[in-house]
Structures are given as structure tokens and as C-alpha cells.
Amino acid sequence: MPSTAVLEKKKQMVAELSERIKTSCAGVVVDYKGINVEDDTKLRKELREAGVVYTVVKNSILGRAAQDAGLEGLDPVLEGTTAIATSADDYVASARILQKYADTHDNFSLKSGYLDGEVIPMEKLIALAKLPSREVLLATVCSVFNAPIAAFARGVQAIVDKGGVEACVSEKAEEAPANEEAPAEEAAEAPAEESAE
């Protein structure tokens with residue numbers, strides 16, 4: 001039977017992992033077997049730089065922590081080697097980085113994942129992994145917002161290039177009489193053509 005100190009340590013690990021799951025917006029559970037130290041170090045560095053916390057964990061501890069956090073549906077994947085990656089504020093980072101890694105390593109695979117406290121199917125997890133990074137999404141949104149402003153700025157610059165508002169107004173005024181005279185001339189020519197017939 002495990003000693004009291006060992007039981008207390010396990011309880012503390014369960015409590016810490018449960019709190020981490022509760023405070024994260026997204027998480028991914030992976031099977032990490034066959035990963036060498038060099039690759040593991042690179043993977044952990046990339047995850048850390050993206051603000052993702054990644055830890056190898058015993059299945060029993062993850063099972064209890066998930067249960068304490070109210071996360072149901074992980075039990076079927078809690079076998080073999082298991083690690084969990086959680087992110088407090090980025091829904092995509094952990095799935096994107098881990099799926100990219102799994103694509104290049106045969107023994108490394110995604111087992112399951114969750115968003116906002118709910119386990120999601122593998123299809124959704126894979127779709128989530130294919131989304132661009134947060135920075136790319138923000139840049140896309142900014143460019144969409146920036147487009148009308150840039151068009152307005154180009155319009156203002158065109159007015160300035162033509163000599164200002166007064167020059168544009170006088171140019172339009174000069175064009176207007178020429179346009180008004182054209183229909184009168186056409187109208188005068190039309191009866192002459194009809195009488196010729």
C-alpha cells in the first residue's frame with residue numbers, strides 16, 4: 001500500500017492538473033511514445049513559446065483530474081503513454097503544433113482534445129489544428145479593417161494631387177455644361193434624319 005506521503009503527492013498532482021484544465025480554454029491529449037530527447041526538447045520549446053503548458057502524466061492522474069474538472073469523455077483514450085498540452089488563452093496553438101509534429105513522427109499521435117471544458121471529436125480537433133496561428137488571424141482581421149481606410153486615404157490623396165477640392169469642383173463644373181449640350185445637339189439632329197426618310 002502506498003505511503004501517506006505518496007498519496008498526498010498524488011492528490012496534489014491531481015488538484016494542480018484539475019485546476020489547469022479548468023483555467024484552460026483548450027487542451028490536447030497525445031500519445032508520445034517513440035519520441036527522442038532532442039525532438040522532445042524542440043517540441044517543448046515551441047509549445048512554451050506559444051504559451052502552451054505540456055506535461056507527461058499518468059493516465060490515472062489525468063483521469064481523476066479530468067473528473068474533478070468536470071471534463072467527461074477522456075477515459076477511453078487514457079491508456080499507453082500520455083501527455084497533455086493546455087493553453088489558457090489560445091484555442092489553436094496546442095492542436096496546431098502537436099498535429100504538425102505528429103505529421104512528421106510515426107509514433108506520436110493525438111488522442112483527444114477539449115475546448116471550453118468539453119471533449120471534442122477527433123475531426124474537430126484535426127480541423128482546429130489546421131487553422132492558422134492567432135497572429136495570422138489577427139493580421140487578417142486587421143487587413144480587412146484597414147482596407148476601407150486605405151481606400152479613403154487614396155481618394156484624399158487623389159484630390160490633393162489634382163490641386164485640392166477647388167480644382168476638382170471647377171473641373172466637374174467645366175464637364176457639366178459639355179454634357180448638357182450633347183443631348184440638345186442629338187435632339188436637333190434626330191428630326192432632320194426622320195424627315196430625310
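How many of the five residues of strand β3 (residues 83-87) are buried, and by what is the strand largely enclosed? In this predicted model, five of the five are buried, so β3 is largely enclosed by the rest of the structure.

**View 1. Strand β3 is covered on both of its faces.** Ala 83, Ala 85 and Ser 87 lie on one side of the strand, while Ile 84 and Thr 86 lie on the other, and the residues of both sets are all buried. In a regular strand the side chains alternate between the two faces of the sheet. Counted along the strand, five of the five residues of β3 are buried.

**View 2. Strand β3 pairs with β1 and with β2.** Strand β1 (residues 26-31) runs antiparallel to β3 and is joined to it by five bridges, one of which can be located at Ala 26, whose bridge partner in β3 is Ser 87. Strand β2 (residues 52-56) also pairs with β3 in the antiparallel sense, over five bridges. On this second pairing, Val 53 has Thr 86 of β3 as its bridge partner, and Thr 55 stands opposite Ile 84 in β3.

**View 3. The five strands form an open sheet with antiparallel pairing.** The strand order is β2-β3-β1-β4-β5, with β2 and β5 (118-120) as the edge strands, each of which pairs on one side only. From one strand to the next, the twist averages 25°. Helix α5 (residues 122-129) packs on this sheet and touches β1, β4 (109-115) and β5, and the direction of α5 makes about 90° with that of β4.

**View 4. Helices α1 and α3 pack against each other at an angle of about 50°.** The axes of α1 (residues 4-23) and α3 (residues 59-68) are 8 Å apart, and the angle between them makes α1 oblique to α3. The crossing of these two helices is right-handed. From α1, the residues Lys 10, Met 13, Val 14, Leu 17, Ser 18, Ile 21 and Lys 22 take part in the contact, and they meet Ile 61, Leu 62, Arg 64, Ala 65, Ala 66 and Asp 68 of α3. Divided by class, the residues of this contact are eight nonpolar, one polar and four charged.

**View 5. Helices α2 and α4 cross at roughly 160°.** The axes of α2 (residues 37-49) and α4 (residues 93-104) come within 10 Å, and the two helices are therefore roughly antiparallel to each other. Helix α2 passes α4 in a right-handed crossing. Asp 39, Asp 40, Leu 43, Glu 46 and Leu 47 on the α2 side meet Ser 94, Ile 97, Leu 98, Lys 100 and Tyr 101 on the α4 side, and by class this contact has five nonpolar, one polar and four charged residues.

**View 6. Asp 40 is a buried residue of helix α2.** With a relative accessible area of 18%, Asp 40 falls under the 20% limit below which a residue counts as buried. Leaving aside residues up to four places away in sequence, Asp 40 touches Ile 35, Tyr 54 and Tyr 101. Tyr 101 is also among the α4 residues that take part in the contact with α2, to which Asp 40 itself contributes.

**View 7. Gly 73 lies in the loop between α3 and β3.** At 48% relative accessibility, Gly 73 counts as partly exposed. Gly 73 and Val 119 are 46 residues apart in sequence, while their C-alpha atoms are 6.1 Å apart in space.

**View 8. The protein as a whole has seven helices and five strands.** From the N terminus on, its elements run α-β-α-β-α-β-α-β-β-α-α-α. Of the 197 residues in the protein, 30% are buried. Among contacts between residues at least 6 apart in sequence, 80% join residues at least 24 apart.

Terms used:
Residues numbered from 1 in each chain as written. Predicted model: local features only at pLDDT ≥ 70, side-chain atom pairs only at ≥ 80, totals over all residues. Heavy atoms only, no water. Axes fitted to C-alpha atoms, helices over the stretch in contact; angles between N-to-C directions. Helix = DSSP H or I, 4+ residues; strand = E, 2+ residues; numbered from the N terminus. Parallel < 35°, antiparallel > 145°, perpendicular 65-115°, else oblique. Left-handed = near helix turned anticlockwise from the far one by under 90°. Contact = heavy atoms within 4.5 Å. Nonpolar A, V, L, I, M, F, W, Y, C, P; charged D, E, K, R; others polar. Buried < 20%, exposed > 50% of the residue type's maximum accessible area, 1.4 Å probe, protein only. Pairing = 2+ DSSP bridges.
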